[in-house]
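The following note sets out several points for a colleague who is meeting this structure for the first time. Please read it alongside the sequence and the coordinates.

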Amino acid sequence: MEALQNLLHGFALALSPLNLMYAFIGSMLGTLIGVLPGIGPTGGIAMLIPLTFRIDTTGAIIMLAAIFYGTMYGGTITSVLVNVPGEAASAITCLDGYQMAKKGRGGAALSIAAIGSFIGGVIATVGLVVAAPPLARMGLRFGPPEFFALMVLGTSLVTGLSGKSIVKALIMAAFGLLLGMVGMDPALGSPRFTFGEMELLGGVELVPMIMGLMGVSEVLSVVETPMREVFLKTPLRSLFPTMKEWKDSVGSIFRGTAVGFSLGLIPGMNTLIAAFMSYIVERKVSKEPDKFGTGMIQGVAGPETANNAFANAAFIPLFSLGIPGSPAIAVLYGAFLMNGVTPGPLLFKEKPDLVWAVIASFVIGNVILLILNLPLIGMWVALLRIPYSIFYPLILVFCIVGAYSINNSVFDIGIMALFSVLGYVFRKLDLPLAPAVLTFILGPMMEKSLRNSLEMSRGDFGIIFSRPLAAAVLAMAAVILIMFVVMEYLRKGQAVREEQAEV
Amino acid sequence: MRRLYQVASLGFLALAVFVIFEGRRLTYYTDIGPGPGFFPFWVGGFIAVLAVIWLGAVSFRPVEPMPEDFIPSRERALHVIAVLAALVVFTAAVKPFGFRLTMLAFLLFLIGGLGRVRLVWTVIIALAGSWGVYYVFQQLQVSLPVASIDFLNNRGL
């Protein structure tokens, strides 16, 4: 009951004209990022953080969160109509969505995706309202060993799920930890790895680093491939689904919500996994699994609902425990910190107005996206006709201005350029970037939790294993990592056997 | 691909050795608990172990063949290098020449030079991206760099 009252108060704040405008701008910008290939949600949020500098904290967070879930809507449009996923989570939608579009049912696919995303997003927000406050109360009882264990679990999941090689993913996770160590030591304040540069005393700046690593390097990868113009070849007749399409989608939407919501609760998961998992579930429960890939509405409804439910549920560990579960949420975590707000168990106590207004804005943002997206589909597709040779320099302008305006420092533009090169090289070497981004942000927290734990026990590592919850979570992390190593070993063994059989 | 991975793993190994040595120069343990050198030492050690495992794996086990699109065409590779070079030149030139002039040159080069977009469009977009963005951010109370060269600074650039 108390949560409902707080939520209503949150609605009153979120519905103020200014906050409504921020939700609207965020939703539109998010959709734009989702539509455009070559910039994902993580780089996109980082790129647009400077736009929120002159906005009050609540408005800024509302806008950035709307950008995040707006990308999920935007990515669907290009996946369905032109077979180009604007962001990774929508890649699976290409399989059936594009086939539907070729049959003239693209409008129906987009409508179902938008409605599914709306339902998934709203149910996940209700879940957030119900689950986050008690989880936050539980989080208040956590000590440094428990927080350390939770962060290890998140890191192990991200590394296990990133790319084909667990060793490469672990190297990148450790590389992120290393970057997080640059600057003042979190406990004693001694400078580390600053190379005498005053600008590095505060650490490697989050926004330029992410923009370079995830944003500019992605732009470079697109620039590297031959440019091609994207045309809408598929007919967009009616936006209204048929009765059969409605009927076929209902179950998928609710299953997608369940999948996306459950995965959003686990630190280390991402929208791509939620969408894929939902697609697998839909195939499993379908009476016609062989027809998937030929234009089955369930193949659009499930994954699209799942990725949006995930996007909203992923705020639960952030708000209640202060643990960002995915790279995009980690960037949002950084934005919270820049605005002087530390997500975590105390958030509901210390900043109730902010947190409830942001939660209420999720519902409002989803309504805005549902109402505006379908009529504006033509505009979003028209944007894709602008040659990329004009688009990418403009993206770079935003990145440069964004990097500079964090501290009004040219040094930060240099940091962005450096990480652009590194990001491009890492992509070439198939080294996953997500673990580095997550551990870069988690690193200082992880180090602080570990050091506090060891201070509590006077240097005895046993403290982490002697506390039941910390030990259980660490054991889970270890099992997950071992499981991924075994799976990789088996997969490689099978590949070698198949190769030998061919010879 | 094998050679590339070997170089990359050796690069990480070198980084790990550097981190361990730097970490050793910091205090490892204090009276109240672990010091600033504690975490770098262990993370450096972890990277070193992983780099050695990676080096071993790519040296003694079959390596996946290079993906077809790994090496871009000469034209596209030069394009990427040109974009990166433009970014570096921008970073170096923005202080002396100021945001507007540097960004104008940057956009003229990328859109007109590399993108071969029609001159009229190139100029319009470059002006919007330099003078236009400067104006917009001034309204947002973010002052973008002005030229440190007196001659340009005196002319309001």
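**Note on helix packing, core and chain contact**

1. In chain B, the axes of helix H3 (residues 74-114) and helix H4 (residues 119-139) come within 8 Å and cross at roughly 150 degrees. Axes are lines fitted to C-alpha atoms, for helices over the stretch in contact, and angles run from 0 to 180 degrees between N-to-C directions. Helices (H or I, at least four residues) are DSSP runs, numbered from the N terminus. H3(B) is therefore roughly antiparallel to H4(B), a term for angles over 145 degrees. Residues of H3(B) including Phe99(B), Met103(B) and Leu107(B) meet residues of H4(B), among them Ile125(B), Trp131(B) and Tyr134(B).

2. This is a predicted model, in which local features need pLDDT of at least 70 and side-chain atom pairs count only at pLDDT 80 or more, while totals for chains, interfaces and linings use all residues. Residues are numbered from 1 along each chain as its sequence is written, and chains are lettered from A and ligands numbered from 1 in the order in which they are written.

3. The contact between the chains takes 42 residues from chain A and 51 residues from chain B; two residues are in contact if their C-beta atoms, placed from the backbone, lie within 7 Å. On the side of chain B that touches chain A, the largest share, 15 residues, comes from H3(B).

4. The largest nonpolar core has 210 residues, and Leu64(A), Ile171(A) and Leu332(A) have the most contacts inside it. Such a core is a set of buried Ala, Val, Leu, Ile, Met, Phe, Trp, Tyr and Cys residues joined through C-beta atoms within 7 Å. Helix H4 (residues 57-82) of chain A provides the largest share of this core, 16 residues. Leaving aside neighbours within four places in sequence, Leu332(A) is in contact with Ile45(A), Leu64(A), Ala65(A) and Phe68(A).

5. Is helix H3 (residues 41-48) of chain A largely enclosed or exposed? Because 8 of its 8 residues are buried, H3(A) is largely enclosed by the rest of the structure. A residue is buried if 20 or more other C-beta atoms lie within 10 Å of its own, with C-beta atoms placed from the backbone. The cover over H3(A) includes H4, H9 and helix H14 (327-338) of chain A.

6. Met211(A) lies in helix H9 (residues 206-224) of chain A. This residue is buried, with 36 other C-beta atoms within 10 Å. Beyond its neighbours within four places in sequence, the contacts of Met211(A) include Gly43(A), Ala46(A) and Met47(A), which are among the buried residues of H3(A).

How values were computed. Buried ≥ 20, exposed ≤ 12 C-beta atoms within 10 Å, placed from the backbone. Helix = DSSP H or I, 4+ residues; strand = E, 2+ residues; numbered from the N terminus. Parallel < 35°, antiparallel > 145°, perpendicular 65-115°, else oblique.
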